[in-house]
There are 2 protein chains.
Amino acid sequence: MATRDTGAEENIKEAAKRIFFVEGKLNATTQDIANEAGVNRTLLNYYFRTREALFDQVYKEALSALSQKMDEVFKAELPFRQKVENIIEVFLEDIITYPFKEIFLISEINSEHAEIKKSNEPENPVFRNFAIEVEEAMKRGEVNRIKDPYHFIINLFSLMAYPVIIRPLNEKLLNFTKEEYDEILKNRKSEIINLLLN
Amino acid sequence: MATRDTGAEENIKEAAKRIFFVEGKLNATTQDIANEAGVNRTLLNYYFRTREALFDQVYKEALSALSQKMDEVFKAELPFRQKVENIIEVFLEDIITYPFKEIFLISEINSEHAEIKKSNEPENPVFRNFAIEVEEAMKRGEVNRIKDPYHFIINLFSLMAYPVIIRPLNEKLLNFTKEEYDEILKNRKSEIINLLLN
DNA sequence: CTTTTGTTTGACACTTTTGTTAAACAAATA
DNA sequence: TATTTGTTTAACAAAAGTGTCAAACAAAAG
């Protein structure tokens with residue numbers, strides 16, 4: 001049986017991700033994506049049927065990859081401080097590499113199509129468990145007392161993601177040059193740890 | 001001279017803002033906007049010439065309104081702590097009302113068109129001045145020591161904006177119900193103050 | 001009430017983008 | 001080398017979206 005995989009399908013998805021997550025062109029045409037992938041546009045329909053189906057698939061893969069990565073770092077058996085440092089390292093790198101990924105995901109969730117199932121998935125205990133660890137760290141005095149440990153998680157991601165997402169706007173409003181902003185981002189990790197942990 | 005202003009032009013812009021900033025439909029068609037405004041689509045071309053011109057104008061107005069609001073609250077002659085509380089109150093309300101505004105702005109900045117001038121505007125001293133106030137507050141011990149006071153500003157906006165922007169994703173990944181998330185947001189102000197100020 | 005001025009609309013033409021089809025093509029197997 | 005299988009393409013058809021125009025319309029001014 002003749003079978004060969006030129007990897008075209010994967011290339012197309014990779015190209016789409018570059019366009020969406022890196023360049024931030026959220027309403028790229030199928031032609032744009034075909035160009036980026038270096039293939040004929042018809043091929044997109046061959047593999048994915050419709051434009052929406054391609055978007056959906058990229059969406060789903062990105063979401064499940066994100067979910068999986070979260071599981072990994074949040075479940076790790078490490079002392080609290082190390083775990084937090086690890087989380088920051090992992091996610092900050094990802095966010096900086098794909099600054100528009102979260103915006104794309106939000107857009108997709110928000111858009112009509114994308115047969116997004118109403119989280120019929122069983123509740124993931126990862127965050128519930130991590131919240132307990134936060135509580136314990138609070139008791140030990142490693143983290144400042146707060147009402148709800150979920151705020152700790154939200155704070156953590158806010159402090160990592162937002163500066164990257166908002167970069168173009170900040171460079172306008174806060175008059176940062178690219179170099180200055182890179183410098184800011186380079187210091188984020190220690191900045192965040194400093195703020196969240198005692 | 002016969003002159004009457006039915007306010008249609010303003011209505012269209014308001015409709016566009018609702019669609020972009022509230023509903024988050026970033027690639028709404030001119031028809032979508034006309035429907036939302038309750039007018040004929042041609043009217044959009046009459047007033048704004050092209051779709052892009054409408055987008056640009058909404059973009060510019062939102063940006064300058066944001067800029068102006070920033071000036072206002074950051075310049076206010078208030079004790080540091082009160083000023084920060086004020087900033088949080090003002091922006092949190094705005095962000096919750098228009099959760100997609102910043103994403104729209106980023107998208108516009110990122111898009112080809114939008115003859116976005118490379119900030120030829122003279123540098124706005126507002127943040128520079130506020131950064132000095134942060135320094136002083138650090139010396140007085142009201143704020144934890146950090147390397148660069150600009151991180152304080154970035155932290156502040158991150159903690160306000162991100163939880164709102166990312167809401168749809170968080171409700172998926174962290175398994176929050178709408179009610180639970182509303183509760184979280186309600187507590188943000190005190191949470192942020194607690195974290196940033198001593 | 002007629003004119004003037006500016007507003008609103010429906011119909012049309014144009015462009016962009018998407019989706020389909022049939023044929024050409026390339027590589028592995030026999 | 002011929003066959004099979006799967007890949008890639010150009011050309012076409014259909015759909016969606018944008019922009020223009022001329023005519024109808026409404027309100028203020030004369």
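Predicted model: local features only at pLDDT ≥ 70, side-chain atom pairs only at ≥ 80, totals over all residues.
Local features need pLDDT of at least 70, side-chain atom pairs count only at pLDDT 80 or more, and totals for chains, interfaces and linings use all residues. Residues are numbered from 1 along each chain as its sequence is written, chains are lettered from A in the order in which they are written, and side-chain values use heavy atoms, with hydrogens and water left out.

**View 1. Relation of the two copies.**

**View 2. The surface shared by chain B and chain A.** Each chain brings 55 residues to the contact (heavy atoms within 4.5 Å), and because 100% of the interface residues of chain B are also interface residues in chain A, the copies meet through the same surface.

**View 3. Area buried between the chains.** About 5,100 Å² is buried between chain B and chain A, with carbon and sulfur atoms giving 64% of this area (accessible area, 1.4 Å probe, lost on putting the two parts together and summed over both). In chain B, the residues that lose the most area to chain A are Ile106(B), Tyr162(B) and Lys172(B), together 14% of what that side buries.

**View 4. Charged pairs across the interface.** Between chain B and chain A the count is zero salt bridges (a side-chain nitrogen of Lys or Arg within 4 Å of a carboxyl oxygen of Asp or Glu).
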